[in-house]
Amino acid sequence: MPNLLYASSPGDRNGGGGANSKYLIVGLGNPGPEYRHTRHNIGFDVADAFAARHEAAFAPGRLAEVAEFRWKGRSFVLIKPSTYMNLSGKAVRYWMDKYKIAPAHVLVIVDDLALPLEVLRLRAGGSDAGHNGLKSIDALLGTDRYPRLRFGIGNNYPKGRQVDFVLSVWEEPEQAIVQQKIERCVEVIECFATAGLPAAMNQFNQLRFG
């Protein structure tokens, strides 16, 4: 599959861009009430918080729940794929193609077992680290060079129980930290779109929560 590399202005290549820029914000998760507020669905929860902050409502769309709005001269397309995690790339590819959004203007919010709960990491690209949602996106886009916001969920589970862990809800002692991080993720997205990826990385990657 060829890389998706659309033409962009010089300002866009830093992940920021000027007025009238369009951004695709992708919260990864699984559809269905049985997955609500699980660790694996933190991307959906961040997407919901970002939409609520901007008084945007999700509606059923092709391969995803979709919310669209404008803020500070930027246009945002916010999606929660309805494809299940291992087919997330189908939704991302469709909405990128529909609006001609360059990879640098895509931000994927994803749970990450390799990071402790206290940490967020914004990255320009990189390995899928075994995450099925990222694997699907990499395969459908033909590149791993798109920004992602990695939400640390820790790895406090017995050997062989990884699936049970990621599909379980947060423990009560974790919930305050999770809420703090969700709120900060909204700020990360806004900074990414207005100030650019490097500035957002410098501002948020060293934070610790809890």
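**View 1. Contacts of Ser136 in the predicted model.** Leaving aside neighbours within four places in sequence, Ser136 is in contact with Met85, Asn86, Leu87, Ser88, Gly89 and Lys90. Ser136 itself belongs to helix H3, which spans residues 132-141. Its relative accessibility is 8%, and residues under 20% count as buried, so Ser136 is classed as buried.

**View 2. Buried residues of helix H3 and their cover.** Besides Ser136, the buried residues of H3 are Gly133, Leu134, Ile137, Asp138 and Leu141.

**View 3. Crossing of helices H1 and H5.** Helix H1 covers residues 42-53 and helix H5 covers residues 175-194. Their axes come within 9 Å and cross at roughly 60°. The two helices are therefore oblique to each other. The crossing in which H1 passes H5 is right-handed.

**View 4. Residues at the contact of H1 with H5.** From H1, the contact involves Ile42, Asp45, Val46, Ala49, Phe50 and Arg53. These meet Val178, Ile182, Cys185, Val186, Ile189 and Glu190 of H5. By class, the contact has nine nonpolar residues, three charged ones and no polar ones. In an α-helix there are 3.6 residues a turn, so residues three or four places apart point the same way.

Definitions and conventions: Residues numbered from 1 in each chain as written. Predicted model: local features only at pLDDT ≥ 70, side-chain atom pairs only at ≥ 80, totals over all residues. Heavy atoms only, no water. Axes fitted to C-alpha atoms, helices over the stretch in contact; angles between N-to-C directions. Helix = DSSP H or I, 4+ residues; strand = E, 2+ residues; numbered from the N terminus. Parallel < 35°, antiparallel > 145°, perpendicular 65-115°, else oblique. Left-handed = near helix turned anticlockwise from the far one by under 90°. Contact = heavy atoms within 4.5 Å. Nonpolar A, V, L, I, M, F, W, Y, C, P; charged D, E, K, R; others polar. Buried < 20%, exposed > 50% of the residue type's maximum accessible area, 1.4 Å probe, protein only.
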